[in-house]
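Biologist: I am new to this protein. Please show it to me, and then let us go through it in short steps.

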Amino acid sequence: MPLPLRQFQRLAAQRAKVVARLQAEDAEDRTHGGNSWLDGAGCVAETAARGRTKKPASTDAGFECPGACRWIYAWSHVRIGRARGFARRLLRLRLLLAKTVDMLRTLTASAASRNRFVRNLGAYTRAIVPSRPRMDRSPPWRLRHAWLLSPLLLAACATPGPRAPADTTPETLALETAARHGDAEAAFQLAAHYRARGDWRAERWLGRAARHRPVDRWVARAELELAGIEMTGRLDADAPTRKSRPAAAKRWLHRAAAHGSGAAMLALADAYRHDGAPRLAARWQLRHAMADGNVFTLASARKQLGGLPGWDRPDTAESQAAVQDLADAVAREAARGDTEALVDLGLLRHLGAGVAQDQAAAMDCFRRAADKGNVFGMYFAGLLIVREWMPELPREAAAPWFARAYAQGFYPAADPAWREIRFEFPDFSS
């Protein structure tokens, strides 16, 4: 238990009495012409300056220099006083933490408790920080250190409400056990269960699923769900709302896209288009179309580069000029060695947008980006082979590219998955 303030004051009074007594003895020594204990070891230097040496010879009665003894005693007493002051500060910090924990428990108990705390905020402050007399011109401890409580108060006020009771059904317990043993699918299903109930524990289980390794589709789905929560600030339409964080949402979308989520690529294209960044929006639109592989998706992405809304819209002079400007900008960035621009240039050459359609040149761009560690360059190089855009290369030649992409966490490049990839043109005969 922390010591009360009265005992601290009593200790301080005793220390003051000892210091006053030592000062009186010092004054007495000076009156009789002796060296002061405040001078300490300077007594030897003073006698040496007069041409004499005064050594504290050791005898049966002790030292012959009582001033030095008093100085050592006073020096040790000051150090002990400082240690006592440090101990008092530690005890006050312990009291502060205990009261703060109690306050947070009261805040998160119910809405009525939170309202009662707001009404009695002054009483809580006086209980946490006991008053003491001011010893200098600095602000009181209560004001100088009140900012320490602000993060805790903000975190308590931002709490969405009392936690729902734990679900102890056999199905939920089985999912929780599997999720704690590293099952990403179980963690995702458990998060979906809590999300349907409006319980914010869903976010914690989604985070556990997103940290699962090796990466699979459940990891990418969890990252996509976390991006949606950060963007909207809520679990669903009826859940409590918190402040949205678009920057955090984009980080989750980038992680999901880097792990092979086509939905995340399309969401990034829409986000950057909404933010007024057409260059980045075109990048993710092209990557989504290439990963999807649908002929209509590819045609629509090519039309959207020029600002046309659909794949069936005819090209105009303005749209062709916009695509040409984009291709020139991408070529300049690729010439400077930008790996992302190399992937974009490969996609433009694959589609023939703004540049001549050349699958060998597109393969070269993807290969150069892959050699620099770009996972999209590895995956798209394999796609050109398995979709038979490079007929001179056998299908098995794509295996090394997909293996390198899967090693970096791109789950669609897994061995059973890429062997099922086919590029079939639509049949309009019927």
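Biologist: What share of the residues of the protein count as buried?

Modeller: Keep in mind that this is a predicted model. A residue counts as buried when its relative accessible area is under 20%. The chain has 430 residues, and the share that counts as buried is 35%.

Biologist: How many helices and how many strands does the protein have?

Modeller: There are zero strands in the protein. Its helices number 21.

Biologist: What share of the accessible surface belongs to carbon and sulfur atoms?

Modeller: The accessible surface comes to about 25000 Å². The part that belongs to carbon and sulfur atoms is 57%.

Biologist: Among contacts with a separation of 6 or more, what share comes from residues 24 or more positions apart?

Modeller: Take the contacts in the protein with a separation of 6 or more. Residues 24 or more positions apart account for 53% of them.

Biologist: How many nonpolar residues are in the contact of α11 with α12?

Modeller: From α11 come A220, E223, L224, L226, A227, E230 and M231. They meet P246, A248, A249, W252, L253, R255 and A256 in α12. By class, three are charged and no polar residue takes part, while the nonpolar ones number eleven.

Biologist: How do α12 and α13 lie: roughly antiparallel or oblique?

Modeller: Helix α13 spans residues 262-274. The axes of α12 and α13 come within 8 Å and cross at roughly 140°. Roughly antiparallel needs an angle over 145 degrees. So α12 and α13 are oblique.

Biologist: Which residues of α13 make the contact with α12?

Modeller: The α12 side gives K250, L253, H254, A256 and A257. By class, the contact has nine nonpolar, one polar and one charged residues. On the α13 side are A264, M265, A267, L268, A271 and Y272.

Biologist: G262 is in α13. How far is its C-alpha atom from that of A220?

Modeller: G262 is partly exposed, with a relative accessible area of 22%. Along the chain, G262 and A220 are 42 residues apart. Their C-alpha atoms are separated by 9.6 Å.

Biologist: At what angle do α14 and α17 pack?

Modeller: Helix α14 holds residues 278-292, and helix α17 holds residues 339-351. The pair is oblique, and α14 passes α17 in a left-handed crossing. The axes are 10 Å apart, and the angle is about 60°.

Biologist: How many charged residues are in the contact of α14 with α17?

Modeller: R279, R283, L286, R287 and M290 in α14 take part. They meet E340, A341, V343, D344, L347, L348, H350 and L351 in α17. Seven of these residues are nonpolar, one is polar, and the charged ones number five.

Biologist: T339 is also in α17. Which residues does T339 contact, leaving aside neighbours within four places?

Modeller: T339 and C365 are 26 residues apart along the chain, with their C-alpha atoms separated by 9.0 Å. The contacts of T339 are A369, K372 and N374.

Biologist: Is A322 buried or partly exposed?

Modeller: A322 is found in helix α16, residues 317-335. It touches L305 and G306, not counting residues up to four places away in sequence. Buried would need a value under 20%. The relative accessible area of A322 is 32%, so A322 is partly exposed.

Biologist: Which peptide bond is cis, with omega near 5°?

Modeller: Look in the loop between α10 and α11, where P214 is placed. The cis bond runs from R213 to P214.

Biologist: What is the phi of E388?

Modeller: E388 is found in the loop between α19 and α20. At 63% relative accessibility, E388 counts as exposed. Its phi is positive, in a residue other than glycine, and is near 65°.

Methods: Residues numbered from 1 in each chain as written. Predicted model: local features only at pLDDT ≥ 70, side-chain atom pairs only at ≥ 80, totals over all residues. Heavy atoms only, no water. Helix = DSSP H or I, 4+ residues; strand = E, 2+ residues; numbered from the N terminus. Buried < 20%, exposed > 50% of the residue type's maximum accessible area, 1.4 Å probe, protein only. Contact = heavy atoms within 4.5 Å. Areas by Shrake-Rupley, 256 points an atom, 1.4 Å probe, with all protein chains shown as cover. Nonpolar A, V, L, I, M, F, W, Y, C, P; charged D, E, K, R; others polar. Axes fitted to C-alpha atoms, helices over the stretch in contact; angles between N-to-C directions. Parallel < 35°, antiparallel > 145°, perpendicular 65-115°, else oblique. Left-handed = near helix turned anticlockwise from the far one by under 90°.
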